[in-house]
Every structure is written in C-alpha cells, then in structure tokens.
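Biologist: Please show me the model, and then I will ask how each label was reached.

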Amino acid sequence: MMISICFAALPLLPSLGLVCFLLLSGISLLVCCYDKYSAQKGDLPRIPEKTLWLLAAFGGALAMYLSMRLIRHKTLHKNFMLGLPLMILAHFILLILALFL
C-alpha cells in the first residue's frame with residue numbers, strides 16, 4: 001500500500017523540484033538585496049556569508065549570482081564570483097544526471 005502511494009507521487013516530483021527551485025531563488029534574491037541595502041546603510045545587521053553560501057548550495061546559486069551582478073554586490077569577492085558559477089555548473093550537471101539516469 002505504502003509503495004503504491006510513493007509511486008503515485010513520482011509524477012509530482014518534477015513540479016515539486018521546480019517549486020523548491022523558484023522559492024529558493026526568490027529567497028536568495030531577497031537576501032542578497034537586503035545584504036546590499038544593509039551594507040550601504042551601515043546600521044542594519046548583515047547576512048553572514050555562510051548563510052549566503054547555504055542558500056546558494058540548496059538551489060539559489062543562479063539567482064544569487066545574477067542578483068549580485070545586477071546590484072553590484074560582492075563582485076570584488078573572488079570566492080563568490082568564481083564559486084557561484086561553479087556551483088551553478090554543479091547544479092546543472094546534477095539536474096542532467098537526475099533526468100537521464
């Protein structure tokens with residue numbers, strides 16, 4: 001019984017994955033913009049880089065990289081400007097493997 005329920009839910013996984021990706025992308029965009037705003041203001045708490053990396057690792061790398069380039073935030077930090085594209089590439093490879101294996 002439980003196995004048939006699990007197999008019945010399989011067609012929903014791509015949709016769930018897309019929803020999670022879009023949600024994490026939106027959160028990453030907002031967090032990145034907030035961190036830029038708080039850096040300019042100076043009196044607001046900043047977002048730790050560890051938090052930014054965790055959001056990127058869980059699926060927000062593309063949105064974070066594009067927003068950082070767009071608003072010119074952390075563009076002088078080589079670890080972000082090199083690490084995020086590598087993480088995007090890794091996410092893309094994992095997506096291809098998940099779809100075709």
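Biologist: Which helix gives the most to the lining of the largest pocket?

Modeller: In this predicted model, H4 gives the most, with seven residues. Helix H2 (13–41), H3 and H4 each supply at least two residues of that lining.

Biologist: Which residues lie nearest the centre of the largest pocket?

Modeller: Phe21, His91, Phe92, Leu94 and Leu95 lie nearest the centre, out of 15 lining residues. The space in the pocket comes to about 510 Å³. By class, the lining has twelve nonpolar, three polar and no charged residues.

Biologist: What makes the rings of Trp53 and Phe80 a stacked pair?

Modeller: The structure holds one aromatic pair. The ring centres of Trp53 and Phe80 are 4.7 Å apart, and the cut-off for a pair is 6.5 Å. Their planes meet at 10 degrees, and planes under 30 degrees apart count as stacked, so the pair is stacked.

Biologist: Why is the pair said to tie together parts that are apart in sequence?

Modeller: Because Trp53 belongs to helix H3 and Phe80 to helix H4 (residues 78–100), the pair ties together parts that are 27 residues apart in sequence.

Biologist: Are the two partners, Trp53 and Phe80, buried or exposed?

Modeller: Phe80 has a relative accessibility of 0%, and buried means under 20%, so Phe80 counts as buried. Trp53 is at 23%, between the cut-offs of 20% and 50%, so Trp53 counts as partly exposed.

Biologist: How do you know that Met64 is buried?

Modeller: Its relative accessible area is 0%, and the cut-off for buried is under 20%, so Met64 is buried. Met64 lies in helix H3 (residues 49–71). Leaving aside residues up to four places away in sequence, Met64 touches Ser28, Cys32, Leu52, Leu55, Ala56 and Leu84. Met64 and Phe80 are 16 residues apart in sequence, with their C-alpha atoms 9.5 Å apart.

Biologist: Why does Ser67 count as buried?

Modeller: Ser67, also in helix H3, is at 3% relative accessibility, and under 20% means buried, so Ser67 counts as buried. Beyond residues up to four places away in sequence, Ser67 touches Leu29, Cys32 and Arg72.

Biologist: Where are Arg72 and Lys74, and are they buried or exposed?

Modeller: Arg72 lies in the loop between H3 and H4, and Lys74 is found in that loop too. Arg72 is at 67%, with exposed meaning over 50%, so Arg72 is exposed. Lys74 is at 11%, under the 20% cut-off, so Lys74 is buried.

Biologist: What makes Ala90 partly exposed?

Modeller: Ala90, in helix H4, has a relative accessible area of 35%. That value falls between 20% and 50%, so Ala90 is partly exposed.

Biologist: Where in the chain is confidence lowest and highest?

Modeller: Confidence is lowest in helix H1 (residues 2–9), at a mean pLDDT of 50, and highest in H3, at 95. The mean for the chain is 88, and 87% of its residues reach 70 or more. Where pLDDT is low, the predicted coordinates should not be read in detail.

Conventions. Residues are numbered from 1 along each chain as its sequence is written. This is a predicted model: local features need pLDDT of at least 70, side-chain atom pairs count only at pLDDT 80 or more; totals for chains, interfaces and linings use all residues. Side-chain values use heavy atoms; hydrogens and water are left out. Helices (H or I, at least four residues) and strands (E, at least two) are DSSP runs, numbered from the N terminus. Buried means under 20% relative accessible area, exposed over 50%, partly exposed in between (1.4 Å probe, protein chains only). Contact means heavy atoms within 4.5 Å. Rings of Phe, Tyr and Trp (its six-membered ring) pair if their centres lie within 6.5 Å; planes under 30 degrees apart count as stacked, over 60 as edge-to-face and the rest as tilted. pLDDT is the predictor's confidence in each residue, from 0 to 100. On a 1 Å grid over the protein atoms alone, a cavity is a set of points where a 1.4 Å probe fits but cannot get out, and a pocket is an open set with protein on both sides within 12 Å along at least five of seven lines; lining residues have an atom within 4 Å of a point. Grid points are joined across faces, edges and corners, and a volume is the space filled by probe spheres set on the points. Ala, Val, Leu, Ile, Met, Phe, Trp, Tyr, Cys and Pro count as nonpolar, Asp, Glu, Lys and Arg as charged, and the others, Gly among them, as polar.
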